[in-house]
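Welcome! Here is a short briefing to read alongside the sequence and the 3D view.

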Amino acid sequence: MKRIQFMAIVAASLLIVGPVQAHGDEKHGEETSAAPAAANGDAHDQAAMAQMGDGGAVGEPSAAHDEASGGHDEAGGHADEGDSGVIAVLKKLHPATIHFPIALFLMAAATELFVMRRKDAGLESAVRVLVHGGAIGAVVAVLFGWIHTGLWFGGDAVMQVHRWNGMLIAVLGLAMAYLASRASASRTALRAAIFAMAALVLVQGFLGGELAHGANHLGISWL
């Protein structure tokens, strides 16, 4: 009888101690698993921060690229600083004045082609009027271009070519007006100048679009 009671006490003790030990082991296991999880979390946070740092470093060239591409319009920003009233308005008139010489010179080239085809059409006077109008428009556009930027000679390659090609157009336009006004002048020289001017204004219009709307504004980079 005593043996049975002793065995019952031992069994009861095991039943009590077993779950306590099991819960203790479980808690210890949770702590053990929580430690690597916390370590992994810290490692993940550190990796994320490092990636953000790398992203910032990578972003710096991107920002530099944006700044470089924005340099096309640097002239506009340079021109508008601290200006108000009439001066501010004058500095914004350059885009409005460039359309006239482009249209007039291109029409002069088209009319000259008609004159070459039909010599008896009597359109030489029309070519003369278009050339004179284009020359005046080119000088006005260049004048407002310099008002727009001020005495500023900076900018990237697109800006530089646009600036000096515009000056060339104005000078060539005046030379064309002189040739067109002289009856004794060679028609061949005037004709060559007219077609050269047509090519120059097309290039100038493209460069102006690059400055105003950004690189590859026509989407023809695949050419």
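In its unreviewed UniProt entry, the annotation "transmembrane region" covers residues 98–115, 127–149, 161–181 and 188–207; such annotations may be inferred rather than shown by experiment, and their positions are given in the numbering used here. This is a predicted model, where local features need pLDDT of at least 70, side-chain atom pairs count only at pLDDT 80 or more, and totals for chains, interfaces and linings use all residues. Residues are numbered from 1 along each chain as its sequence is written, and side-chain values use heavy atoms, leaving out hydrogens and water.

**Annotated stretches**
- Residues 98–115 are 94% helix and 0% strand, with end C-alpha atoms 26 Å apart; helices are DSSP runs of H or I, at least four residues, and strands are runs of E, at least two, numbered from the N terminus.
- Residues 188–207 are 100% helix and 0% strand, and their end C-alpha atoms lie 29 Å apart.

**Nonpolar cores**
- The largest nonpolar core has 22 residues, and Phe105, Val131, Ile169, Met176, Ile194 and Met197 have the most contacts inside it; a core is a set of buried (under 20% relative accessible area, 1.4 Å probe, protein chains only) Ala, Val, Leu, Ile, Met, Phe, Trp, Tyr and Cys residues joined through side-chain atoms within 4.5 Å.
- Two or more residues of this core come from each of α5 (99–117), α6 (124–149), α7 and α8 (187–213).
- Helix α8 gives the largest share, seven residues.
- Apart from this core lies another, of five residues, including Trp152, Val158, Leu207 and Leu211.

- Leaving aside neighbours within four places in sequence, Ile194 is in contact (heavy atoms within 4.5 Å) with Ala108, Ala109, Glu112, Val127, Val131 and Met176.

Terms used
Buried means under 20% relative accessible area, exposed over 50%, partly exposed in between (1.4 Å probe, protein chains only).
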